[in-house]
Amino acid sequence: MASGYPDFRLGNVLATSFTATLTERRGDRVERIPTPDRLVDWLAASGLAVDSCTAAELELARELRESIHTAATAAAGTSPLPASAVRVINNSSARGRAVAVLTPEGERRWQLSSASGVEDALGVIAADAISIIAGERDGRLALCASPTCRAAFFDTSRSRSRRWCDMNTCGNRQKKARFLANRSANPATSG
Ligand SMILES: [Zn+2]
């Protein structure tokens with residue numbers, strides 16, 4: 001938190017790392033991209049470096065983020081996908097002009113057009129969300145068990161039994177709460 005802003009929660013899946021820039025949606029919300037510059041930082045940390053970002057582009061990004069969250073939540077609960085969320089995701093995907101390129105080391109990188117870097121980056125994120133929601137990738141969309149979080153996350157564990165969006169935050173907090181509840185129920189064993 002050297003910048004004075006909430007730090008990022010970066011996972012292995014681009015689309016759900018992006019939706020995790022707003023956390024505790026059912027509790028005290030934490031906005032992790034509060035300014036255009038923080039979106040620039042997040043994109044750089046996610047392999048989608050852009051030169052700059054306007055306030056309008058930040059709004060577009062947040063609209064896409066909430067649409068991905070809404071659609072992923074519906075998909076995790078096997079509900080019909082809300083049409084407005086699908087439209088926003090598809091528009092973002094269609095506007096992006098990023099190109100996949102192969103590095104000499106054999107890794108995939110995204111090359112963004114210089115004119116509309118943020119839109120290109122959002123296009124990559126939208127396409128990632130589409131592949132997850134469409135069930136193309138090896139994993140399962142699930143909702144975090146924390147009642148104040150309920151984030152949609154992509155479970156790639158072998159048993160497909162992950163309960164929390166993030167073990168270090170939601171997982172730990174739940175464990176601690178259960179420990180305290182047990183202790184107050186059984187005071188004699190607490191020492
Ligand atoms: Zn969570």
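The model is a predicted one. The protein chain has 191 residues, of which 39% count as buried. Its secondary structure consists of 6 helices and 6 strands.

**Overall fold**

- Along the sequence, the elements of the protein chain come in the order α-β-β-α-α-α-β-β-α-β-β-α.
- Taken along the principal axes, the C-alpha atoms of the protein chain fill a box of roughly 65 × 40 × 40 Å.
- Counting contacts between residues at least 6 apart in sequence, 53% join residues at least 24 apart.

**Zinc site**

- The zinc ion has four protein donors, the SG atoms of Cys144, Cys149, Cys165 and Cys170, at 2.3 to 2.4 Å from the ion.
- Along the chain, these donors are spaced as C-x4-C-x15-C-x4-C.
- Within this set, cysteine 149 and cysteine 170 link distant parts of the chain, 21 residues apart.
- Cysteine 149 sits in the loop between strand 5 (140-143) and strand 6 (152-155), whereas cysteine 170 belongs to helix 6 (residues 167-185).
- Both cysteine 149 and cysteine 170 are buried.
- The arrangement around the zinc ion is tetrahedral because the 4 donor atoms subtend angles of 106 to 118°, and the criterion requires all angles to lie between 85 and 135 degrees.

**Helix 3 and helix 4**

- Helix 3 (residues 55-76) and helix 4 (residues 83-95) have axes that come within 8 Å and cross at roughly 130°.
- The crossing of helix 3 past helix 4 is left-handed.
- On the helix 3 side, the contact is made by Leu60, Glu63, Leu64, Ser67, Ile68, Thr70 and Ala71.
- On the helix 4 side, the contributing residues are Ala85, Val88, Ile89, Ser92 and Arg95.

**Serine 67**

- Serine 67 is part of helix 3.
- Its relative accessible area is 8%, so serine 67 is buried, the limit being under 20%.
- Apart from neighbours within four places in sequence, serine 67 is in contact with Ala85, Val88 and Ile89.

**Phenylalanine 8**

- Phenylalanine 8 is located in the segment before helix 1 (14-19).
- Apart from neighbours within four places in sequence, phenylalanine 8 is in contact with Arg32, Ile33, Arg38, Asp41 and Trp42.
- A distance of 18 Å separates the C-alpha atoms of phenylalanine 8 and cysteine 53, which are 45 residues apart along the chain.

Conventions
Residues numbered from 1 in each chain as written. Predicted model: local features only at pLDDT ≥ 70, side-chain atom pairs only at ≥ 80, totals over all residues. Heavy atoms only, no water. Donors = N, O, S within 2.8 Å, 3.2 Å for Na, K, Ca; no water. Tetrahedral: all angles 85-135°; square planar, octahedral: opposite > 155°, others 65-115°. Helix = DSSP H or I, 4+ residues; strand = E, 2+ residues; numbered from the N terminus. Buried < 20%, exposed > 50% of the residue type's maximum accessible area, 1.4 Å probe, protein only. Axes fitted to C-alpha atoms, helices over the stretch in contact; angles between N-to-C directions. Left-handed = near helix turned anticlockwise from the far one by under 90°. Contact = heavy atoms within 4.5 Å.
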